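Visitor: I would like to know what stands behind the terms used for this model. Please take me through them.

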Amino acid sequence: MSKPSNVAVILLDSLNRHMLGCYDGTEFETPNLDRFAAERATRFTRHVTGSLPCMPARHDILCGALDFLWKPWGSIELWEEPITRVLRRKGVTTALVSDHPHLFEVGGENYHTDFHAWDYLRGHKGDPWRTFHDPSWIGTPAMPARRSNWWYSRVFGFPEKANEYDRSRTFFRTEDDYPGPQTMSAAARFLAEDTSHHDRWFLFVDEFDPHEPFDTPEPWAGRYHEEVWDEEWILMPPYADGALTTGDLSEREARHVRANYGAKLSMIDHWFGRILDRFDEQGLWDDTALVVCTDHGHYFGDVREGRDIWGKPGVPTYEPLAHTPLLIHWPGQPGGGVCDALTTNVDIFATVADVFDAEVMQPTHGQSMAPLLTGEADSIREWALGGYYSLWVQVTDGTRKYARGSVDDNFPLSMWSNRWSTMPLGMEGVAELPMPDDRAWLDTMPGSEIPVIRQPFQPGDMLPFWASAGNCVDRHFLFDLDVDPDEQENRSTESCASEMLDLLHTALVEVSAPDDQLARLGMV
């Protein structure tokens with residue numbers, strides 16, 4: 001069976017699988033994603049995250065190799081080729097359309113450089129777009145809102161101050177001005193105006209919605225409010241393990257935050273409809289694969305171990321975050337199909353490479369999903385790895401999930417990178433990434449002869465952001481997801497855990513994980 005000529009990947013950040021109508025969600029409206037799933041796409045039911053959070057997940061998709069075992073967050077390294085560079089050799093035209101600020105700051109600054117063309121739509125979250133508030137903003141669609149750092153001010157005592165988005169949002173005059181609608185409009189424009197000029201093309205739309213800030217204009221604003229909210233709106237959710245339990249967040253505030261996410265979800269679903277319209281108008285369904293995916297989900301008070309979880313704190317990657325939607329249109333295949341095979345984000349890279357018969361320089365960890373889509377196979381992998389750098393490392397076989405924390409003191413631990421960056425925080429009083437010191441030495445990445453700085457850490461060191469976000473020492477979790485989808489019964493002390501521990505060891509060895517990861521996890 002012939003392969004697609006072109007591929008378009010639409011990544012919607014923080015897209016919660018269980019809140020989409022096509023995955024049986026009923027709380028919020030997602031008519032365009034639902035229509036795509038029913039009429040044009042195959043719906044994957046066991047797709048899971050790999051490296052987390054935002055930039056590590058994009059590394060999985062654009063470089064095809066798991067990143068979280070070696071570093072917490074960072075750029076494309078010298079020993080790696082992104083899919084864009086690989087496709088250049090095949091004569092494929094590549095384009096990026098995005099409003100995702102992390103792609104254009106330290107730690108993500110070189111993912112866009114090998115695209116033939118890229119379009120950055122300004123104003124989302126931490127984008128340093130404006131230096132002042134528009135004094136005429138009162139009366140525009142932007143609802144009066146709490147400052148973005150309200151949670152950190154309330155819980156940790158940071159002084160309240162405006163950040164980049166607090167300034168940017170005062171310049172939005174209509175719905176069309178918001179970054180998400182701008183990005184979808186630009187992507188639709190590419191499909192309408194550019195594609196006919198190229199024999200083969202790859203489009204990557206990195207859309208930051210429905211990621212926070214959960215800021216929408218009418219008619220979306222307030223659409224899912226169950227009660228009158230007559231104070232400043234909450235656009236930035238808490239990142240916390242137990243916000244309601246501790247009393248730092250009220251039940252009313254929790255409902256408000258969740259409703260505002262729903263409004264953002266419905267708004268970006270509406271604008272995703274522009275992509276479907278262009279596929280209809282340009283006749284792209286016959287020769288173009290369309291992939292809709294995400295980097296991860298988002299917690300909105302989901303209860304685990306008796307505590308409500310919000311955002312993406314340092315807890316095991318439970319189902320609301322780690323079990324993600326994946327919808328793929330494959331030319332020649334009917335819509336409305338379901339695939340129950342286990343897949344993960346590095347498989348998206350492998351599928352794109354397969355479409356264009358591209359050879360990749362570095363070792364990768366994905367498997368092409370093309371055989372699943374054409375019916376030539378019903379499985380492409382026996383396990384999938386995932387996690388955050390230095391926290392839990394987990395493996396799933398599609399029905400069971402085993403998350404293993406460290407033993408002893410979470411060491412030894414090293415960071416491997418020649419670009420030495422992590423997510424910029426921009427919060428005064430919060431340390432970022434320490435520089436390498438005289439303990440570092442040169443090692444080589446698996447499958448590469450390029451020297452790489454390997455910086456060991458020890459107790460008392462300042463660790464990279466995300467590395468110290470949770471207490472994973474001597475804590476392990478095993479869930480049977482078919483019988484316990486809400487992960488309330490931890491079976492890690494039962495005899496069946498030994499089988500999953502063996503599977504985790506097999507997976508780590510197969511990806512040539514660093515030796516200190518195996519030691520940190522007590523698996524040597």
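Guide: Two strands pair if DSSP finds at least two bridges between them. Strands (E, at least two residues) and helices (H or I, at least four) are DSSP runs, numbered from the N terminus. This is a predicted model, in which local features need pLDDT of at least 70, side-chain atom pairs count only at pLDDT 80 or more, and totals for chains, interfaces and linings use all residues. Residues are numbered from 1 along each chain as its sequence is written, and side-chain values use heavy atoms, without hydrogens and water.

Visitor: What is the order of the strands in the open sheet?

Guide: The 8 strands run β5-β4-β6-β1-β8-β11-β2-β12, with mixed pairing.

Visitor: Why are β5 and β12 called edge strands?

Guide: β5 (117-120) and β12 (337-344) each pair on one side only.

Visitor: How do you know that β2 and β11 pair?

Guide: Strand β2 (residues 42-48) and strand β11 (residues 326-329) share 3 bridges in the antiparallel sense. The pairing rule asks for at least two, so they count as paired. Arg43 has Leu327 of β11 as its bridge partner.

Visitor: What makes helix α2 a helix that packs on the sheet?

Guide: Contact means heavy atoms within 4.5 Å. Helix α2 (residues 54-63) touches β1 (6-12), β6 (201-207) and β8 (288-293). Its direction makes about 175 degrees with that of β6. Angles run from 0 to 180 degrees between N-to-C directions, on axes fitted to C-alpha atoms, for helices over the stretch in contact. Helix α6 (residues 179-193) lies across β1, β4 (93-98), β5 and β6, at about 170 degrees to β6.

Visitor: Why is a space called a cavity and not a pocket?

Guide: On a 1 Å grid over the protein atoms alone, a cavity is a set of points where a 1.4 Å probe fits but cannot get out; a pocket is an open set with protein on both sides within 12 Å along at least five of seven lines. Lining residues have an atom within 4 Å of a point. The search finds 2 cavities of 30 Å³ or more. The largest cavity holds about 40 Å³, where a volume is the space filled by probe spheres set on grid points joined across faces, edges and corners.

Visitor: What makes up the lining of the largest cavity by class?

Guide: There are 8 nonpolar residues, 1 polar and no charged. Ala, Val, Leu, Ile, Met, Phe, Trp, Tyr, Cys and Pro count as nonpolar, Asp, Glu, Lys and Arg as charged, and the others, Gly among them, as polar. α10 (346-355) gives the largest share, 3 residues.
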